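This report goes through some local features of one protein chain. Keep the sequence and the structure in view while reading.

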Amino acid sequence: MDFESKIISREVSQLLWETEKTVGTAESCTGGRIAEAIIAVPGASKYFKGGIISYVDEIKENLLGVSRQVLEEQTAVCEEVACQMVQGACRALNTNYAIAATGVAGPTGGTKEIPVGTIWLACGTPDRQVTMKVEEDHGRDINLAIATNKAMQMFLEFLKSEQDETPATDSDSLPAGGM
C-alpha cells in the first residue's frame, strides 16, 4: 500500500474510532483490496466488521439484495448497482457504513458501452450514498489501485461530511470558561 493510502486509512480509522461507528465492504472487481486498506491500520477490528466479495451477479443478488432487474437492464457495472451494494452490505454485515466497488478492471471483459477501466464506487449508509465513476484504463493492477484509493478517499470525505452535519450538543456550545 502506498503512503497516501496509509494516511487515508489512518484518518478513516480515527473518525470511526471517535464516532464508534462500523463499516463493511461489498467488492466485486477490487476483490477485497478496499477491505485490505481498511485493516492495514492496527485496531481495525473495533470498526471493520467484514466484507463480501461479490464477484458474480448471483452473489450480488443473493447476499447483497441487488435487484435482478437492474442487473439485467443496466449490467453490474452501473451506479445503481454500486448503491445497492452499499445498502446490502450495511444490512448483511449490520454496519453503519459500507464501501462498494463494481466494474471491469481488465485486461478483458469490457464492451463498447462499458470499456475496461470503468469502475463504479459507492459509499455511505443504507439511506444515503455517494458515488464516483472511474473511467481510465491503465492496466489491471493500476486500475484496481486507483479504484481502491479513490474509494477510500471518497469514504473519508463522506465521514467528514457526516461529522459536519452532526448538531452540536449543549456541552459543545459552552463558552471557553465553562459555566
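## The largest pocket

The largest pocket has a volume of about 280 Å³. On a 1 Å grid over the protein atoms alone, a pocket is an open set of points where a 1.4 Å probe fits, with protein on both sides within 12 Å along at least five of seven lines; a cavity is a set of such points from which the probe cannot get out. Grid points are joined across faces, edges and corners, and the volume is the space filled by probe spheres set on the points. This is a predicted model, in which local features need pLDDT of at least 70 and side-chain atom pairs count only at pLDDT 80 or more, while totals for chains, interfaces and linings use all residues. Residues are numbered from 1 along each chain as its sequence is written, and side-chain values use heavy atoms, with hydrogens and water left out.

The lining of the largest pocket consists of 18 residues (those with an atom within 4 Å of a point). Val77, Gly103, Val104, Ala105 and Gly109 lie nearest the centre of the pocket. Helix H3 (57–64) and strand S3 (97–103) are the elements that give two or more residues to this lining. Helices (H or I, at least four residues) and strands (E, at least two) are DSSP runs, numbered from the N terminus. By type, the lining has 7 nonpolar, 8 polar and 3 charged residues. Here Ala, Val, Leu, Ile, Met, Phe, Trp, Tyr, Cys and Pro count as nonpolar, Asp, Glu, Lys and Arg as charged, and the others, Gly among them, as polar.

Val66 lies in the loop between H3 and helix H4 (68–74). Val66 counts as buried because its relative accessibility is 2%. Buried means under 20% relative accessible area, exposed over 50%, and partly exposed in between (1.4 Å probe, protein chains only).

Leaving aside neighbours within four places in sequence, Val66 is in contact (heavy atoms within 4.5 Å) with Lys60, Glu61, Leu71, Val81, Gln84 and Met85. Val66 and Gln84 are 18 residues apart in sequence, and their C-alpha atoms are 5.5 Å apart in space.

## Aromatic rings

There are 2 aromatic pairs. Rings of Phe, Tyr and Trp (its six-membered ring) pair if their centres lie within 6.5 Å; planes under 30 degrees apart count as stacked, over 60 as edge-to-face and the rest as tilted. The ring centres of Tyr97 and Phe155 are 5.7 Å apart and the planes are at 70°, so this pair is edge-to-face. The pair links distant parts of the chain, with Tyr97 in strand S3 and Phe155 in helix H6 (residues 140–165), 58 residues apart. Phe155 is buried, with a relative accessible area of 0%.

Tyr97 and Phe158 have ring centres 6.0 Å apart and planes at 85°, so this pair is edge-to-face. Phe158 is in helix H6, 61 residues from Tyr97. Both Tyr97 and Phe158 are buried. Tyr97, Phe155 and Phe158 form one aromatic cluster.

## Backbone details

Which two residues does a cis peptide bond join? They are Gly106 and Pro107, and omega is about 5°. Pro107 is in the loop between S3 and strand S4 (119–124).

Thr75 is not a glycine, although its phi is positive, about 75°. Thr75 is in the loop between H4 and helix H5 (79–93), and it is partly exposed, with a relative accessible area of 32%. Asn94, in the loop between H5 and S3, has a positive phi near 55°. At 57% relative accessibility, Asn94 counts as exposed.
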